[in-house]
Amino acid sequence: MITFLSQNPLLLLFTVAGLGYLIGSIRIGGAKLGVAAVLFVGLGIGALDPALKIPEIVLLMGLAIFVYSIGLSSGPGFFGSFRKKAYKELGFILAMILFHLLLVIVAGLIWQLSSATTAGIYAGTSTSTAALAGLLNAITQSQQGTVDIMLDDAVIGYSLAYPMGVLGVMLMLVLMEKLLRIDLKAEQKALNHIYPINQQIENASLRIDQEKVCHIPLRDLKRDLSTNLVFGRIKRGDETFLSSWGSSLEPGDYVRVAGSEEAIAAFVQMAGSRVDNVFQEDDLEYQHKRVFVSNPEVAGKKLGELNLDEKFAAVVSRIRRGDSDLLAQSNTVLELGDRIRFIARRKDVKGLMDLFGDSYHALSHINLFSFGLGMAMGLILGMVVFELPGGLRFQLGYAGGPLIVAMILGNLRRTGSIVWTLPYGANLTLRQIGLIFLLAGIGIRSGHTFFETFSEGGAGWVFLAGTAVSMLTVLVMVWVGYRMFRIPFTILMGMFANQPAILDFVQQRSKNQLPGIGYGLMFPLALIAKILLVQLLFLFFP
């Protein structure tokens, strides 16, 4: 059987992927490993025989596709954090990286490990293949005569520390969630005004009784009151009409609004009273409709740029993106795969459907031109060699290059007629495929070395050092980040997601995309820092 699998690496790949995904779906104590189980199944199967290998191109392809798709989706949040002056979060990330480095140095001194092994542990507990590559490059260029031994030490340190760099971090994040008594749902709700990834949007009918909100264009009313509501139909006497930016309210009007329960309650307090719905959902003149954004011409544009008021009698109330609802605002950027909910005159519905596209078939296709061009630019950037004083050389590699390019392109969203972003569903699918290829490849490749080192003895201290570093880093720095830096726990989980499997795990646990914001903040800065620090650690460790 082993010979058969070694001769058929594609079969081996999907056997590991299938078994890993099956095991990852099993709940243990209310939690499950998810796709991270693919890594551990790969380690187990890879330990059976050194002949079991996956072509390296599969691993590298998985890594590049995963980080590129992550970059496209997290780019806007990353650059938005600078606009929001998220220096506190970036300062914490630097503190976390340096504290992690300090623990590795202490562990190396306590257990009297070689510089190569210690640096390998740093790369392993960081779960950074790019850092390992930088370390191996530094060892190869060293003038010492034991290069082969040091290369083996580095790989062993990396292989033994890597599993607990994944599993240990997961376990400690769950433990800290319990110790700090975090309510993930409540935290998500509290952060909706900052990161509106999943707003709880309600509809309500109101009667206007207060003069202070009357005779003011809705454009000015929304600005002056800072109210986050969408105004729909207005009923004035026997007349019902659709609101526009120039519309104003009058005493006795009935108005249909959409927004959060808090925003609706605040407006009711100053404007009038809440009443039973006096509007028919679909009357003879107006119709509610949901359509997909599949037209590349509108993707990447702000809703306000479409000037719907000038072309149609229509109001867009909400946007469904993946599993999340967003309140439609003029500055909301449309993405392929968004599902738009609007109310419009019946005669305008067809024109709006044509404008947005509303083609599920079109959303099933990936624009290979923009995807391939973006990936190519990322891979080229990853090949560039950066030289620093002291002879240090590093490359961003297959992870850093595609990630940085994808974050820039994801933030731009489009350049002229080129739409860089992917439909939400296509992005998730590519992300999962890339992640599974990556985890299966790493697990199978590292499995034999990992278990062989244990069987030969002498590996226990290295494994213990890696375990202690991984767990203490999370234990101390999560407390520091949450209590001292006041960073939301859900964002913190993403900041500790050094490895794709951890990110997938915390997103499944939080049931939202907030960890991706923390991941997007952490990864580019941490990637470059780890590549540099692992080489400095090797060169200057006593």
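Two strands are taken to pair if DSSP finds at least two bridges between them. The legends below describe close-up views of a predicted model.

**View A. An open sheet is formed by 5 strands with antiparallel pairing.** The strand order is S3-S2-S4-S1-S5. From one strand to the next, the twist averages 30°.

**View B. Strands S2 and S4 pair in the antiparallel sense.** The pairing joins residues 229-236 of S2 with residues 254-259 of S4 over 5 bridges. Within this pairing, valine 230 stands opposite alanine 258 in S4.

**View C. Helix H11 packs on the sheet.** Helix H11 comprises residues 261-271 and touches strand S1 (202-208) as well as S2, S4 and S5. The direction of H11 makes about 0° with that of S1.

**View D. Helices H8 and H20 pack with their axes 10 Å apart.** H8 spans residues 147-179 and H20 spans residues 500-510, and the angle between them is about 25°. Angles under 35 degrees count as roughly parallel, and H8 and H20 are therefore roughly parallel to each other. Their crossing is right-handed.

**View E. Residues of H8 meet residues of H20.** H8 contributes Gly165, Val166, Val169, Met170, Leu173, Val174, Glu177 and Lys178. On the side of H20, the residues are Ala501, Ile502, Phe505, Val506 and Arg509. By class, this contact of H8 with H20 has 9 nonpolar, 1 polar and 3 charged residues.

Notes
Residues numbered from 1 in each chain as written. Predicted model: local features only at pLDDT ≥ 70, side-chain atom pairs only at ≥ 80, totals over all residues. Heavy atoms only, no water. Axes fitted to C-alpha atoms, helices over the stretch in contact; angles between N-to-C directions. Helix = DSSP H or I, 4+ residues; strand = E, 2+ residues; numbered from the N terminus. Parallel < 35°, antiparallel > 145°, perpendicular 65-115°, else oblique. Left-handed = near helix turned anticlockwise from the far one by under 90°. Contact = heavy atoms within 4.5 Å. Nonpolar A, V, L, I, M, F, W, Y, C, P; charged D, E, K, R; others polar.
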